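User: Hi! Could you walk me through a structure I have open?
Analyst: Happy to, let's look at it together.

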Amino acid sequence: MDYIQTARSVEDRLLSYRKDESGWKSCKKTNDVVVYWRPSCEFAGYVYKGEGIINGSPEKVWDCLKPEINGLRVKWDANIKKFELLEQVSADVSICRTVTPSAAMGIISPRDFVDVISVKRYEDGTVSSNATNVTHPNCPPQPGFVRGFNHPCGCSCVPVPGEPGKTQLFSFFQTDLGGLLPRSVVDSFFPTSMVEFYSNLTKAVKSLK
């Protein structure tokens, strides 16, 4: 499997999600974030977009978001219980396994996901993580976990012109949770989870010195 090529195509897909404003419908709004959704072109579900301003420079916000083993993300993100590196493909592309805890009052049991993840920096100062599901010989389905599948997803930390202490954060989630979950549970879980994601991230950035 050409992991590098897969990673580059995900980068392009995420950028197109960020630039294309057609078809998005608002489904949840707080002081931190507006969550939108629209039908996915990847699977029979939805792609969710979060958009909000975080008080913190892009580098500070990125420090909290970047996909690294024993990084800050595992400490504040309630939806990540464990993060494992399976293979470092290149300087900016890796294969990782993410373990998530049970959710929705136990209706959603623990999941694991195997993704190729790339980190891309743009000339305007934007830095993004870009991920999608892959298979890896070192990580077949594990007992005790339902294997879920992330379709193109990730986060983009975009500088706010004239305000170096603020970051516009776009997040995209497009996940097939696997298993036999009622559609209503899935559809209510993601918007609520994304609001919590922005709230917890805001607190994590604020706590950085």
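Predicted model: local features only at pLDDT ≥ 70, side-chain atom pairs only at ≥ 80, totals over all residues.

User: Great. How far apart are the end C-alpha atoms of helix α1, and what span should its 17 residues give?
Analyst: The ends of α1 (residues 3–19) are 25 Å apart, and at 1.5 Å a residue the helix should span 24 Å, so the two agree.

User: Which residues of α1 are buried?
Analyst: Those are Tyr3, Thr6, Ala7, Val10, Glu11, Leu14, Tyr17 and Arg18. They lie on the same side of α1, because they cover an arc of only 145° around the axis.

User: What caps the N-terminal end of α1?
Analyst: Asp2 does, with a side-chain oxygen 3.3 Å from the backbone nitrogen of Ile4.

User: Switching topic: what volume does the largest pocket have?
Analyst: About 210 Å³. Its lining has 17 residues, and the closest to the pocket centre are Phe43, Asp176, Leu177, Arg183 and Val186.

User: Which elements give two or more residues to that lining?
Analyst: β3 (46–55), β12 (175–176) and α4 (183–207) do. The largest share, 4 residues, comes from α4.

User: How many of the lining residues are nonpolar, polar and charged?
Analyst: The lining of the largest pocket divides into 9 nonpolar, 5 polar and 3 charged residues.

Methods. Residues numbered from 1 in each chain as written. Heavy atoms only, no water. Expected span 1.5 Å × (residues − 1). Buried < 20%, exposed > 50% of the residue type's maximum accessible area, 1.4 Å probe, protein only. Arc of directions from axis to C-beta. Polar contact = N/O pair within 3.5 Å; in protein donor to acceptor, adjacent residues only side chain to side chain. 1 Å grid on protein atoms, 1.4 Å probe; cavity = no way out; pocket = protein on both sides within 12 Å on 5 of 7 lines; lining within 4 Å. Points joined across faces, edges and corners; volume = space filled by probe spheres on them. Nonpolar A, V, L, I, M, F, W, Y, C, P; charged D, E, K, R; others polar.
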